Amino acid sequence: MNYNEDPVTIDLYPELAFEEDLTPDVAGVEIEERCNKIHEACKGWGTDEDALVEALGMTTTEERMTIPIKYQDIHDEELRSLMKKECGKGDLGLALQYLGVTPVEAECRMIKKGCDGIGTDERLLYTILCGRSNKDMEQLKKTYYKVFTDDLMAKIVGESGGSLKQVLVGSIQAAEEEYDTDYHTEEKAEEDAEAVYEAGQGSWGTDEDKIVKLVVMSPPKHLKKVNEYYCDKYGYTLFKAIEKELGGESEGALLYTLGIKLKPYETIAKLIKSACAGVGSDELLLTCTLIRYQNHLPWVCMAHEKLFEKSVQTRVKDECRGDYESLLLAIVNKVSPDE
């Protein structure tokens, strides 16, 4: 699968995420057995964290669509609340809480976490909200309201400002154009490349609205052509143009949006590395990234190895410890075993 040659906006949610009113009956025998293993790990005095790592860590996004529903049906208890009670609010407990709900609800709770407390975790927010498919974004907005009785757009407008707000609001609108060969022509790509230059390097001040709108709303195939024309005419990429014209978290958000559309696996691999960079890791970002992008980790792991000559598993081992390390490794190894 080579998104670099024929890029499309990646989907994160399994098809079950778009089914209305799932019932416990959709879960098979294996899911019921897994639910019982979780229950046994939490019975009596103390919690068997190793068993929880195996039961919840070694799951796919498809399985996590049904595990929370089946668990509550069998054991009459909300799985996320159980994980919070048994494992607390630390790195391990929080990761297990995200695994204890559906993938869509997990993202809703990650967003809420990014908005809670003093200061907004802007990098966490833009890596969740930017570069999403229209289909996934509509489902995310719908689920956010269902879980928190709050409008996601209004929440983000209240939590962000300036150019970053423009990028986030544009992303939440779920208005990426469908690629149309009659509209997204070579001429259109050349016009848009020139428009980006005029909005930035070619004018006094930067017309950020124009650049943001192009990156957020254009389909990846068109952006790829715009980037090629920009390189040919002006000698550097759209990535470099954004770095020259924007700053702060708005620059990071727009670069991430462009990257996730044109080079998704390399972009996610770099995000994993950046979550582990500097003094101390950003455990929340690392947890959210590995859980959210699990379906794409086979290709992300290859990109990470190529870029950094290091496996994702080795990076996790270098940065994390104990049961939390084991859980993250289980998430990765489920879809991309470390050989």
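Predicted model: local features only at pLDDT ≥ 70, side-chain atom pairs only at ≥ 80, totals over all residues.
Tutor: Residues are numbered from 1 along each chain as its sequence is written, and side-chain values use heavy atoms, with hydrogens and water left out.

Student: Why is the pair K43 and E40 called a salt bridge?

Tutor: A salt bridge needs a side-chain nitrogen of Lys or Arg within 4 Å of a carboxyl oxygen of Asp or Glu. The N to O distance between K43 and E40 is 3.5 Å, so the pair qualifies.

Student: What makes R80 buried?

Tutor: Buried means under 20% relative accessible area, exposed over 50%, and partly exposed in between (1.4 Å probe, protein chains only). R80 has 15%, so R80 is buried. Its salt-bridge partner is E78, at 3.8 Å, N to O.

Student: Why does E78 count as partly exposed?

Tutor: Because its relative accessibility is 33%.

Student: How do you know that D116 and K112 form a salt bridge?

Tutor: Their side chains meet at 3.4 Å, N to O. D116 is partly exposed at 38%, and K112 is partly exposed at 26%.

Student: Which residues are linked in a network of salt bridges?

Tutor: E107, R132, D136 and R292. The structure holds 21 salt bridges.

Student: Which residues does I111 contact, leaving aside its neighbours within four places in sequence?

Tutor: Contact means heavy atoms within 4.5 Å. Among the residues in contact with I111 are L125, L140 and Y144.
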